[in-house]
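Dear colleague,

I am handing over the structure below, together with notes on what was found in it. Please read the notes with the model open beside them.

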Amino acid sequence: MNALGRHILVEFYDCSPELMNDVMHIENSMVAAAETAGATVINSTFHHFSPYGVSGVVVIQESHLAIHTWPEYGYAAVDLFTCGDSVDPWVSYTYLKEAFQSGHGSSMELRRGQLSLLKRNDFNLETLRDATAKTIEADGSITRDVWFTERDENIALSLKHTGNQLYKKDSEYQRVEIYETLAYGNMLTLDGMVMCTQKDEYVYHEMITHVPMFSNRSAKRALVIGGGDGGTVRELLRHEQLEEVTLVEIDELVIEACKLHLPETAVAFDNPRLNLLVADGIKYIKECADEHYDLIIVDSADPVGPGEGLFTAEFYKGVYRCLTKDGVMITQSESPRFNSAVFVEIYDTYKKIFGQEKVHCYLAAIPTYPTGTWSFSYSAKGNANPLHFDKEAAAAFSQKEGLKYYNEAVHTAAFALPNFVKELLNTKPENVTDEYSAEPTN
Ligand code: SAM
């Protein structure tokens, strides 16, 4: 060959948008395309962007294969660069065209490093050769550097994972996926948004349950709307005095995925005191009897998709009606730091329904949620007050149950709010600004 390398610039058109957004499929195809062409794969790095799009590179002994996809156009820009004669990049081209179900492709081959234009420098190879070992794992598998990214407008969270997609199904409501992350264990995402991970789910689930349960010791009937991962009912069912716990989750695939891959969170689904319903929580509240529940926990995802209706005044008024005279509503109320406008809007709505003095906000640190600062609301229909609780009982319970986050001091401290949060809680929605918000508030 009269050049050091062959570089094929490829345009794949009319590809399946599905496949163009499937980081696993793309990574596996790129690695296979290299190996089929006879290349030796060193390592691969792939990034799945939210809401869509994948970029990645496979480093081979004979150079690299790279890709960037635009699922919204069914398009992929691919680079096939090989040096030496042992690898035929056109074999990779043919392999990928099929793998991406591309309607048609166009390509241009460039000879890189025309020998006639190069002057060889003779040098002592030993001084140049560094001992960096090839990043091949002991079992011969290549080092994979695959990242999941939840990207919002201004901020993003990326988590490295093994590249083995444990679960991926589309329900009529959303895409349900389980990733095997290296830092946080198995992770449930819905439509690309992190819901819970094995290594930090306890923060959310202990704080959304034990705070109301210790300030409302007479509670007998509890309802959870959402919460299909099972963590909230797991914590509620630790409280023996609860006679009935009802979980209303709209998507049975969430329950299935968590039973399979988040067993510690889904552990209570077979508990005899649990009434597990696969139904729409909005409809359930509409049809629920007045004053039936002592505690209603809205364990919803973000105010998008099937969960949007769980953030409306109409829904909360329904919850208020279904609560007993001394009942309490707890919700995950997003983050004052993430999107202040949503946070302010939520609390303004609660106060209009429950009353200015009856609505309390408490915080917890959840590493895999946007900004890491998350909030919960405590709205009392009667005179329940979150800070009037039996501290000794809470301390003993935390000890006996081996809780990892909740204890009597954390219970109290969670309501000690920083000034910027107090300011937001006294801000009218029409006056909210970007001052404390990571995301645009307009
Ligand atoms: N901790 C998570 C968070 O803060 O993002 C939420 C956990 S949980 C997985 C949220 C659940 O609410 C999801 O399983 C989703 O399917 C469910 N959900 C969404 N809309 C619903 C509705 N209208 N009725 C019942 N469940 C709903």
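To begin with the ligand, a polar side-chain atom of Tyr204 lies 3.4 Å from one of its nitrogen atoms, which falls under the rule for a polar contact (a pair of N or O atoms within 3.5 Å; within protein, one must be able to donate a hydrogen and the other to accept it, and residues adjacent in sequence count only if both atoms are side-chain atoms). Please bear in mind that this is a predicted model, in which local features need pLDDT of at least 70 and side-chain atom pairs count only at pLDDT 80 or more, while totals for chains, interfaces and linings use all residues. Residues are numbered from 1 along each chain as its sequence is written, and side-chain values use heavy atoms, with hydrogens and water left out.

Turning to the domains, the assignment (automatic or from a database) gives domain 1 as 3–113, domain 2 as 147–197 and domain 3 as 200–431. The C-alpha centres of domain 1 and domain 2 lie 24 Å apart, and eight residues of domain 1 are in contact (heavy atoms within 4.5 Å) with 13 residues of domain 2. Between them these two domains bury about 930 Å², 40% of it on carbon and sulfur atoms, where buried area is the accessible area (1.4 Å probe) that two parts lose on being put together, summed over both.

Two salt bridges (a side-chain nitrogen of Lys or Arg within 4 Å of a carboxyl oxygen of Asp or Glu) are counted between domain 1 and domain 2. Asp22 forms a salt bridge with Lys168, with the closest N and O atoms 3.4 Å apart. Across the interface of domain 1 and domain 2, six residue pairs are in polar contact, both residues being at pLDDT 80 or more.

Finally, the overall count comes to 18 salt bridges. The side chains of Glu109 and Arg6 meet in a salt bridge at 2.7 Å, N to O, and this pair links distant parts of the chain, Glu109 in strand S6 (residues 104–114) and Arg6 in strand S1 (residues 3–13), 103 residues apart.

Methods
Helix = DSSP H or I, 4+ residues; strand = E, 2+ residues; numbered from the N terminus.
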